[in-house]
Amino acid sequence: MRADQLKKGDIARIIHIDVEPFLKKRLFFMGVHEGGRIRYIMSSPFYDPLLFMAAGNWLLLRKDIAKQIEVEVGQ
């Protein structure tokens with residue numbers, strides 16, 4: 001499952017992040033890393049960007065970036 005497919009309130013474990021190295025590094029410093037947890041909060045009225053919480057940080061991620069984050073729900 002991808003992060004953009006999560007439902008409101010879902011908490012998921014990040015399995016793999018398939019983005020460019022510079023973006024992966026920026027996400028890491030915001031708490032988004034493989035093995036970490038991410039919670040889907042809500043989307044904007046037109047479904048882009050999406051609001052997440054990771055490691056106590058509020059994150060607005062564009063939908064195309066959220067599609068590149070593979071997650072597993074219920075772990």
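1. Strands β3 and β4 form a hairpin in which two residues lie between them. In that turn, A55 has a positive phi of about 50°. Strands here are DSSP runs (E, at least two residues), and helices are likewise DSSP runs (H or I, at least four residues), numbered from the N terminus. Two strands are said to pair if DSSP finds at least two bridges between them.

2. This is a predicted model, in which local features need pLDDT of at least 70 and side-chain atom pairs count only at pLDDT 80 or more, while totals for chains, interfaces and linings use all residues. Residues are numbered from 1 along each chain as its sequence is written, and side-chain values use heavy atoms, with hydrogens and water left out.

3. Strand β4 covers residues 57–61 and runs antiparallel to β3, to which five bridges join it. Two partners in β4 may be located by eye: L60 is the bridge partner of L51, and W58 is the bridge partner of M53.

4. Buried denotes under 20% relative accessible area, exposed over 50%, and partly exposed the range in between, with a 1.4 Å probe and protein chains only.

5. Strand β3 also pairs with β2 (residues 37–43), in the antiparallel sense and over four bridges. F52 in β3 is the bridge partner of Y40. These two strands form a hairpin as well, with six residues between them, and Y47 in the turn has a positive phi of about 65°.

6. S43 belongs to strand β2 and counts as buried, because its relative accessibility is 19%. Leaving aside neighbours within four places in sequence, S43 is in contact (heavy atoms within 4.5 Å) with P49 and L50. F46 lies in the loop between β2 and β3 and counts as exposed, because its relative accessibility is 76%. The C-alpha atoms of F46 and L6 are separated by 16 Å, the two residues being 40 apart along the chain.

7. Five strands form an open sheet in the order β4-β3-β2-β1-β5, with antiparallel pairing. Its edge strands are β4 and β5 (69–73), each of which pairs on one side only. Neighbouring strands of the sheet are turned by 40° against each other on average, direction ignored. For such angles, axes are lines fitted to C-alpha atoms (for helices, over the stretch in contact), and angles run from 0 to 180 degrees between N-to-C directions.

8. The structure holds two aromatic pairs. One of them joins F28 and F29 in an edge-to-face arrangement, at 5.7 Å centre to centre and with 75° between the planes. Rings of Phe, Tyr and Trp (its six-membered ring) pair if their centres lie within 6.5 Å; planes under 30 degrees apart count as stacked, over 60 as edge-to-face and the rest as tilted. F28 is partly exposed, at 48% relative accessible area, whereas F29 counts as exposed, at 62% relative accessibility.
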